[in-house]
Amino acid sequence: MALGRHLSLRGLCVLLLGTVVGGQALEVRLKDGAHRCEGRMEVKHQGEWGTVDDLNWSMEEAAVVCRQLGCGGATDAPKRAHFGPGIGPIWFPYIYCKGPESAITECSYPPVKDHRPEGNSRDKDAGAVCSVLEVRLKDGAHNCEGKVEVKRQGEWGTVNDDNWSMEEAQVVCREPKCGAATDAPRGAYFGSGIGPIWFQYIYCNGTESMLTQCSYPPLKDHHPEGLSHDGDAGAVCSDLEVRLNDGTHRCEGRVEVRHQGEWGTVNDHSWSMEEAAVVCRRLGCGGAVDAPKRAKFGPGIGPIWFHYIYCKGQESAITKCSYPTVKDHRPEGHSHGKDAGAVCSALELRLKDGAHPCEGRVEVKHQGEWGTVNDLNWSLEEASVVCRQLGCGTAVDTPKGAKFRPGIGPIWFHYIYCKGPESAITKCSYPTVKDHRPEHHSHEKDAGAVCSGKCCLVEKGNPPQ
């Protein structure tokens, strides 16, 4: 069984360790408490359950046991057989942990054997009391983004952003079923919290199903150590899916968003080409050619998740735009008669006026007309995406200043910004696709690309599709 998951065995929570001691795998449980997350610490070794002597037993050791059982943080580390004396061997005369370990086998201890012959007695059996932690995201635009807060001992507190990264945010997003993490803001991005700072830091590898399976020091209020809420960690999760529905093809239709497992619509208040452009880009559908309002593609059903959305047009997803809390706005008087829509144009791409089909001036077909790309910001990253989209290999040069002669017609792109691994330019960032000549751009700055696929494509007489 994988480390960090638990089984029900005779009503007890038992964890099978992935570590082997003396040829035998160890299981751990808490026994004779009021619930599965408190009790006398017991370990199964060589097929027999035994206990742990309370020499050196503290919150650090109890924290590891609680984490190992998926029981949250330790709230107490009782000694002297608080939950009654056990029976059988005393397998550990002591255990020494630092606190962040994921299992007791990662701590320090002497050989695992029955220590009763050495004078250890049942009156010193160690125990642990754990608190299963609740996690929430607070003060974001919806319940899948915000300041990370953890409820412990009945009180909500925060997480310090020391070591905070996408791996930790990924686990937070997974726990409330909010999809994947898209950002891991630090520095109290969602405002400073109040109350305890329960976590000094958390270290996750990103695959854990809950925070309690990650590594962290003992849970306590770290305020007295000089930590402040100015370092509160946050998370932004990709709860939202987007689609266009009831159009003639997948790249036009009513804008619908899936939130909390249910598809809903967007009110057309403030809806414009900028918002439609972001939807089209997100769907890999090229640029927006229209942003219809008033349920042009028919009224939707279900919730109206967005009262409005405000985008600048360059965002890669609507979750990076501005909008109020995501919730059903029908009770506020909004109706599906104002559902927003989008019409996108999946862009065609070609290289023109080069020596072969894999080099030349970059041209894009939009609204049935071929146009060019301004060379502002043009680099190997953008050219790489063009070459990849055309099946022309990798980019070897990125000529600017209309090296392949000035084009004619519109200048559809003021600029394009790509990271390089994108499969199509529609997945890069760019402003609204429109003719930028009226803004004083000229074809003297048309961008070009030279790709590595020239020899084979020419020799085989097989231009890229």
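Modeller: Start with helix H4, residues 380–389. Glu382, Ala383, Ser384, Val385, Val386 and Cys387 are buried there. Buried means under 20% relative accessible area, exposed over 50%, partly exposed in between (1.4 Å probe, protein chains only). Helices (H or I, at least four residues) and strands (E, at least two) are DSSP runs, numbered from the N terminus.

A word on the source. This model is predicted, so local features need pLDDT of at least 70 and side-chain atom pairs pLDDT 80 or more, while totals for chains, interfaces and linings use all residues. Numbering runs from 1 along each chain as its sequence is written, and side-chain values use heavy atoms, without hydrogens or water.

What do the buried residues of H4 pack against? Four strands take part: S21 (348–353), S22 (359–366), S24 (395–397) and S26 (448–451). Contact here means heavy atoms within 4.5 Å. After H4 comes Gly391. Its phi is positive, near 70 degrees.

Now set helix H1 beside it. H1 spans residues 59–68, and eight of its 10 residues are buried, so the rest of the structure largely encloses this helix. The buried ones are Glu61, Ala62, Ala63, Val64, Val65, Cys66, Arg67 and Gln68. Gly70 follows H1, with a positive phi near 65 degrees.

Those were glycines. Most residues other than glycine have a negative phi. Ala81 is not a glycine, yet its phi is positive, about 55 degrees. Where is Ala81 found? Look in the loop between strand S6 (73–76) and strand S7 (90–94). Ala81 is buried there, with a relative accessible area of 14%.

Asp139 is another case. Its phi is positive, about 70 degrees, although it is not a glycine. Asp139 sits in strand S9, residues 134–139. The side chain of Asp139 also meets that of Lys138 in a salt bridge, at 3.7 Å from N to O. A salt bridge is a side-chain nitrogen of Lys or Arg within 4 Å of a carboxyl oxygen of Asp or Glu. Lys138 counts as partly exposed, at 31% relative accessibility.

How many salt bridges does the structure hold? There are 28. One of them pairs Arg29 with Glu42, and the closest N and O atoms are 2.7 Å apart. Arg29 lies in strand S3 (residues 24–32) and Glu42 in strand S4 (residues 38–45), so this pair ties together parts that are 13 residues apart in sequence. Are Arg29 and Glu42 buried or exposed? Both are buried.

Another salt bridge joins Arg116 to Asp114. Their closest N and O atoms are 2.7 Å apart. Arg116 is partly exposed, with a relative accessible area of 40%. Asp114 is also partly exposed, at 22%.
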